[in-house]
Amino acid sequence: RRISFVDSKIKGNFEDGMAEGMYRPDLSPELISRLYISRLLDFQNPDFFPNESISFSVVFDVMFDTFVRGICTDEGKRYYEKKIKGMKF
C-alpha cells in the first residue's frame with residue numbers, strides 16, 4: 001500500500017512538472033515512478049549501501065540530486081538550482 005501511495009504521488013508530480021515544462025516530455029511517468037521507487041528500495045539493501053560506511057542521508061541526497069537532474073528540462077534545472085542554492089546536500 002505504501003509503494004502504491006508513493007507511486008501515485010511521483011506520477012502526479014511528474015505529470016504536473018511535464019505540463020509546466022520542468023520535466024522532460026520524452027519520459028514516461030510510469031517509468032520515472034518505477035525507477036525512483038526501485039532506488040528507494042535498493043537503499044534498504046545492506047549489500048549495496050552498508051549503513052556503517054555510508055549514511056542514508058548522504059545516499060538519499062546524492063540519489064535525489066542525480067535523479068532530478070536526469071529528468072529535468074533546462075528550465076527545470078535552472079529552477080532546481082535556484083531552489084537548492086544555499087541548501088546543504
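1. The largest pocket has a volume of about 420 Å³. A pocket is here an open set of points on a 1 Å grid over the protein atoms alone, with protein on both sides within 12 Å along at least five of seven lines; a 1.4 Å probe fits at the points, and lining residues have an atom within 4 Å of a point. Grid points are joined across faces, edges and corners, and the volume is the space filled by probe spheres set on the points. The lining comprises 18 residues, of which Asn13, Tyr23, Phe64, Val68 and Ile71 are the closest to the centre of the pocket.

2. The model is a predicted one: local features need pLDDT of at least 70 and side-chain atom pairs count only at pLDDT 80 or more, while totals for chains, interfaces and linings use all residues. Residues are numbered from 1 along each chain as its sequence is written, and side-chain values use heavy atoms, with hydrogens and water left out.

3. The protein chain contains four helices and zero strands; helices (H or I, at least four residues) and strands (E, at least two) are DSSP runs, numbered from the N terminus. Along its principal axes, the C-alpha trace spans about 40 × 35 × 20 Å. Of the 89 residues in the chain, 28% are buried (under 20% relative accessible area, with exposed over 50% and partly exposed in between; 1.4 Å probe, protein chains only).

4. Each of α1, α2, α3 and α4 supplies at least two residues of the pocket lining, and α1 gives the largest share, five residues. By class, the lining has 13 nonpolar, three polar and two charged residues. Ala, Val, Leu, Ile, Met, Phe, Trp, Tyr, Cys and Pro count as nonpolar, Asp, Glu, Lys and Arg as charged, and the others, Gly among them, as polar.

5. Which residues touch the most other members of the largest nonpolar core? Among its 16 residues, they are Phe14, Ile32, Phe67 and Ile71. Two or more residues of this core come from each of α1 (2-19), α2 (29-42), α3 and α4 (74-84), and α3 provides the largest share, five residues. Such a core is a set of buried Ala, Val, Leu, Ile, Met, Phe, Trp, Tyr and Cys residues joined through side-chain atoms within 4.5 Å.

6. Tyr23 lies in the loop between α1 and α2. Leaving aside neighbours within four places in sequence, Tyr23 is in contact (heavy atoms within 4.5 Å) with Asn13, Phe14, Gly17, Met18, Ile71, Cys72 and Thr73.

7. Rings of Phe, Tyr and Trp (its six-membered ring) pair if their centres lie within 6.5 Å; planes under 30 degrees apart count as stacked, over 60 as edge-to-face and the rest as tilted. This rule gives six aromatic pairs. Why is the pair of Phe14 and Tyr23 stacked? Their ring centres are 5.1 Å apart and the planes stand at 10 degrees, so the pair falls in that class. Phe14 is buried, at 1% relative accessible area, and Tyr23 is buried at 16%.

8. Phe60 and Phe64 are also stacked, because their ring centres are 6.0 Å apart and their planes are at 20 degrees. The two are four residues apart in helix α3 (residues 56-71), and so are separated by about one helical turn. Phe60 is partly exposed at 26% relative accessibility, and Phe64 is partly exposed at 28%. Ring pairs link Phe43, Phe56, Phe60, Phe64 and Tyr80 into a cluster.
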